[in-house]
Amino acid sequence: MDFLNTNTGQNNFNNPNGGHTAVYIDDRPMNNVEGRMTVSGSLMQNIGEPGFNTLDEPIKTTIMRDLKAVGMKFKHVLYLKEKNTLLKEWDLWGPLMLCTFMAMVLQASPDSIQIGDGGPEFAEVFVIIWIGSVIITLNSKLLGGTISFFQSVCVLGYCLLPIVIALIVCRFILIFEQTNFLFFIRFAISIGSFLWSTYASVVFLGDSQPQGKKALAVYPIFLFYFIMSWLVLSHTV
């Protein structure tokens, strides 16, 4: 069990620990991938300072720190160089932003609803993403996965980034008059984003599954990102 030394001097007689304050970081073996929500980076080195409190910092500092953390996780999804960040310092801000953006773009317009050719509603996209993530996470836990519930939801949400990028590109292509060639481009972009999202999620979550059951854990992930990619490709309004 790790602890942080915050000894303030030899004359600290009121401290029963002799000037040492134990800060529990992880009471599980190091090979466990269980994570936690925590302040990250440079703030960790200030925990032992007297009067340290994130509630005392300016709101701008808090927002910029959170946005920087979200941006770093987006980078890890695109480049896949560091997979422990999403697992150890998980959050739901990135998945919430991606989910909200997709729901806003994919929702049907009032005119398309009247002619019966509309896309999904905002709430429908929202429910598909979050319920799908929950089902995949429960499947992973039932198969004996060592990852926590919110870690899995975090990874699945952040791995939607390639599909969101494909949605933006396809939405731009829809500005022009549609031809078979442009449809093929949209199809290729959607398939590419689907493959990248699936691969990224497997890279992040693969080690948490027991040997011999990884295929059962990957199959619902495959279906989840396939449905999201299909929504992107079928969006024509």
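How are α7 and α8 oriented to each other, roughly parallel or roughly antiparallel?

**Basis.** I worked on a predicted model, in which local features need pLDDT of at least 70 and side-chain atom pairs count only at pLDDT 80 or more, while totals for chains, interfaces and linings use all residues. Residues are numbered from 1 along each chain as its sequence is written, and side-chain values use heavy atoms, with hydrogens and water left out.

**Entry 1: α7 and α8.** I took helices as DSSP runs (H or I, at least four residues), numbered from the N terminus. The axes of α7 and α8 (residues 180-205) come within 8 Å and cross at roughly 170 degrees; axes are lines fitted to C-alpha atoms over the stretch in contact, with angles from 0 to 180 degrees between N-to-C directions. The two helices are therefore roughly antiparallel (over 145 degrees; under 35 counts as roughly parallel). I listed the contacts (heavy atoms within 4.5 Å): α7 contributes Pro 162, Ile 163, Ala 166, Val 169, Cys 170 and Ile 173, and α8 contributes residues including Leu 182, Ile 185, Arg 186 and Trp 196. By class, this contact has 10 nonpolar, three polar and one charged residues (nonpolar: Ala, Val, Leu, Ile, Met, Phe, Trp, Tyr, Cys and Pro; charged: Asp, Glu, Lys and Arg; polar: the others, Gly among them).

**Entry 2: α7 and α9.** I found the axes of α7 (residues 161-173) and α9 (residues 214-234) within 9 Å of each other, crossing at roughly 10 degrees. These helices are therefore roughly parallel. Ile 163, Ala 166, Leu 167 and Cys 170 of α7 meet Tyr 225, Met 228, Ser 229 and Val 232 of α9. This contact holds seven nonpolar residues, one polar and no charged.

Entry 3: I noted a nonpolar surface patch of about 690 Å², made by Ile 128, Tyr 219, Phe 222, Leu 223, Phe 226, Ile 227 and Trp 230. Patch residues have over 30% relative accessible area and no salt bridge, with nonpolar side chains (Val, Leu, Ile, Met, Phe, Trp, Tyr) joined within 5 Å; areas are Shrake-Rupley with a 1.4 Å probe. Helix α9 supplies the largest share, six residues, whereas Ile 128 lies in α5 (residues 122-142).

**Entry 4: salt bridge.** I searched the whole structure and found one salt bridge (a side-chain nitrogen of Lys or Arg within 4 Å of a carboxyl oxygen of Asp or Glu). Asp 91 and Lys 73 form this pair at 3.1 Å, N to O. Asp 91 is in the loop between α2 (84-88) and α3 (93-106), and Lys 73 is in α1 (residues 59-79), 18 residues apart.

Conventions. Angles under 35 degrees count as roughly parallel, over 145 as roughly antiparallel, 65 to 115 as roughly perpendicular and the rest as oblique. Patches are made of residues with over 30% relative accessible area and no salt bridge: like charges are joined within 9 Å, nonpolar side chains (Val, Leu, Ile, Met, Phe, Trp, Tyr) within 5 Å.
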